Amino acid sequence: MAMEHFTTAVEGAFTILSEHVNGASSGALHTSRKQALDVLREVGVPTTRHEEWKYTNLAPILANDFLPAIGPTVPVTRTILDGLALSDLDAWHIVLVNGVMQPSLSNLPDADPDIQIEELSDETSAGTIAAATTNPFVAVNATLMSGGVSIRIRANAVVDRPIHVRSIVQTDVGATLCTPRIVMQVGAHASCTLVETHHTVGRSKGLTAGVTEIDCAEGSSVAYTKILDDGENGHHIGTTAVNIARAAKATATTACLDGTFVRNDLVMRLNEPTAEAYLYGVSVLNGSQLADNHTVVDHRVPHCHSEELYKGLYDGRSVGVFNGKIFVREDAQKTTAYQSNHSLLLSDNAVVNAKPQLEIWADDVKCSHGATSGQLDPEAIFYLQSRGIGKDEARGLLTYAFAAEVAEHVAHDEVREHLERRIAEKLGARRFDH
Amino acid sequence: MQTEQTALDDVVQGDYKYGFESNIEQDVLPKGLSEDVVRFISAKKEEPEWMLEWRLKAYRHWLTMNEPRWPNVAYPKIDFQDIIYYAAPKSMPTLNSLDEVDPELLATFAKLGIPLEEQKMLTGVAVDAVFDSVSVKTTFQAALADKGIIFCSMSEAIREHPELVRKYIGSVVPPNDNYYAALNSAVFSDGSFCYVPKGVRCPMELSTYFRINARNTGQFERTLLIADEGSYVSYLEGCTAPQRDENQLHAAVVELIAHERAEIKYSTVQNWYPGDKNGKGGIYNFVTKRGICDERAKISWTQVETGSAITWKYPSVILKGNNSIGEFYSVAVTNNMQQADTGTKMIHMGENTRSRIVSKGISAGKSQNSYRGLVKVLKKARNARNFSQCDSLLIGDRCGAHTFPYLEIANKDATVEHEATTSKIGEDIMFYCQQRGISAEDAVALIVNGYCRDVLEQLPMEFAVEAKKLLAISLEGSVG
């Protein structure tokens, strides 16, 4: 029931959009929205019978009857913005409210030739990297997206200051669905840092069906960090797709630190030889939180390299899901692809479901994956104890170190320190619970 | 009366099956499947009413099921009405000497080192009186009976030991378990039954290879193996010699029950006809194999899969009892157009349960080789321990190797480790071998055997020797 209701709500919002001036039923935008809606209608909202959603049941989430919202329903105050994570970060802050970019709330570069940030005015240009057919929630986003953000980095530009996109869903009027879209194009040999955060503001529950598309041109270097650190009302289903060209390097770090429900789909395509992809993820959950990370590393051509490390710490009745696919296409020889996934269950009621997956059609490759679930090493605890550190403290140290290993890979100091602090806080909160 | 006659028939047909035709019944049902066919098979086997009901229930359930399409294999849709579900054992033309046998087949036999007499038996050449299988069988069965071990065909077991069959059949693989298990439950033709009583250690490796009456049990084979408390049995299935068969679809079911402290070791060498180089013909081998362990019991599966156009099976262990152990050792070789989707499921239910998975996949030619495995640790399975290793070796740039491990962990004390690698045979290793005067083909065989050693050393000795040669033969022509 909940599933059909959700589709109907999306259809309703689509109809309203098509009555708008810009979305007029004759335009190209209308056509692309309609196509996306058709995809959603055809595949429907996935159930646990769907292999990609085997461990994540959407029915209880969608039972909240989310209604789509486009643009602010009430004004967003500075006080609210300042209360959100990373607001003191020295960065270009871009604020999206219910999927629509708010230049007045954002802190944008003024006539900087290297970097161009603007409202995504031509939505039809989106979808080249994350097509609506990728998954049903990309289709939802493509049906309803309106005024996301477009970021362009000029060729050879070195942008030191991170670009921070904060997407806010306002839920004062009731359970709300928002569909932010971030499209980023990084020119040849340019480098930049993109940070993406999501926030639910309001009394009711919020669901974000977000899509981020990143195009890394030849020789470019992109560090992308997505932080899911929302409140209890936060629900997130997001897709990030990255195209990586010759000699370009993309690093994606995904941190699931708070929020009731998170599903991330990360797709890294190595499109030209010598492209490199690095994927890092950490989930620190408690209560009845769920974090589901699906990653795809697609080696389409020879001589590419990828590394992946995902870790999870699960307490309370939380559920962690990991599915990491590595595809090595025919003729993608000389590929090196490594993946590892490690989990620690901290309570009797926590569950982890992992499915590392290698699909290889070329022979001259070196690929491996490892997945473990277990406890802290008793010998390591003993060692620390023998050095005069109490047992609880030793456990705390090792648990923190387990998670923080992922944060180490974030190159930007302030962002990394923020992650480390949040991990420590979350684990510390656990210790006081007991 | 009847049983005596059948038992005699079994012996006679089994022994000289390819040589004499006079004793073979010529009943062949028309193609197709219906309740009448199920009734016919049951009647033909003179089964009791409960067995018929059981089959019919399975058949009715099968009708409501859909054919699974999730495995990573591709094949044309099977027309289940185009299969003959009951046929008396097929007879092969009698040959007078080995000279009349396909030389290619003989060459394979020679490489496997199969004795001349056995070669004759396998190819249907009239066998010498010297090779007296009847006497082999008699001494064999006397030794077993002495220990109280029941080892016979499934049909015989249903007639002679209905209480055991009724108690255990379908207890591990229920008739409604999956599509092909349901089909098998409805129409299974025969198979093997083994019961090892309490505290008995079976004095020899039980093998279908030597058990004459179980030859040609047809495409829907059913095996039931029960090891009572504290007993031990090692069971070998299959044969390294290439087996050609008219039946394209093989849907077997194997159920193992290991009671408290019992141990079952189940080894398979599968070498059904894989089809020609272009993927024409070949057997579809869709098998459901599962065992259940009581407290402190152990089940160990070892398989060497080299044949079949499509292999699709997951020998599994349900670790129900505390301190029970499950093992799975597998070598799956695919060449040319073969496809394999195989692996295991280890379900940890009891405390301190342990499982170990070692899977070695080798793909060559244009074949596709997938490992698909599940390690599930239930909430109550404290201190469960699993180690899995899945390695894939690629020979040639047109084949595929895929790994789909599922890890579902719901206990914090469980330790689960999974690792997988995919690579090709190192050029430097090949070069080293060749530089020492070893041909490319022999070098591949050498390296592959080393690569599979962890699995091969689990096989009973005589099997292991043949399996090594079999690996080399299966990969012939894949290099150079």
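Two residues are in contact if their C-beta atoms, placed from the backbone, lie within 7 Å. The model is predicted, so local features require pLDDT of at least 70 and side-chain atom pairs count only at pLDDT 80 or more, whereas totals for chains, interfaces and linings use all residues. Residues are numbered from 1 along each chain as its sequence is written, and chains are lettered from A and ligands numbered from 1 in the order in which they are written.

**Chain B**

Select chain B. Of its contacts with a separation of 6 or more, 84% are between residues 24 or more positions apart. Chain B contains 13 helices and 20 strands; helices (H or I, at least four residues) and strands (E, at least two) are DSSP runs, numbered from the N terminus. Buried residues account for 49% of its 480 residues. A residue is buried if 20 or more other C-beta atoms, placed from the backbone, lie within 10 Å of its own, exposed if 12 or fewer, and partly exposed in between.

**Chain A**

Move to chain A, which has eight helices and 21 strands. Its radius of gyration is 21 Å, close to the 22 Å that the globule rule gives for 434 residues, so chain A is as compact as a globular protein of that length. That radius is taken over C-alpha atoms, and the rule is 2.2 Å times the number of residues to the power 0.38. The C-alpha trace of chain A spans about 75 × 50 × 45 Å along its principal axes. In chain A, 54% of the 434 residues count as buried.

Across their boundary, 25 residues of domain 1 are in contact with 25 residues of domain 2. On the domain 1 side, strands S9 (191-201), S11 (221-229), S13 (249-258), S15 (276-285) and S17 (305-314) of chain A each supply at least two residues.

**The nonpolar core**

Next, display A:Ile244, A:Ala250, A:Met268, A:Val328, B:Cys194 and B:Ala258, which touch the most other members of the largest nonpolar core, a set of 245 residues. Such a core consists of buried Ala, Val, Leu, Ile, Met, Phe, Trp, Tyr and Cys residues joined through C-beta atoms within 7 Å. Centre on A:Val328: leaving out residues up to four places away in sequence, its contacts include A:His299, A:Trp361 and A:Cys367.

**Where the chains meet**

Select the interface, where 29 residues of chain B are in contact with 31 residues of chain A. On the chain B side, strands S18 (385-395), S19 (400-409) and S20 (415-424) each supply at least two residues. Strand S21 (residues 365-374) of chain A runs antiparallel to S20 of chain B, and seven bridges join them; strands pair if DSSP finds at least two bridges between them. A:Cys367 has B:Thr422 as its bridge partner in S20 of chain B.

Zoom in on B:Pro405, in strand S19 of chain B. Why does B:Pro405 count as buried? B:Pro405 is classed as buried because it has 24 C-beta neighbours inside 10 Å. Apart from neighbours within four places in sequence, its contacts in chain A are A:Lys355, A:Pro356 and A:Ala371, and those in chain B include B:Ser388 and B:His418. To finish, draw a distance from the C-alpha atom of B:Pro405 to that of B:Val331, 74 residues apart along the chain: the separation is 16 Å.
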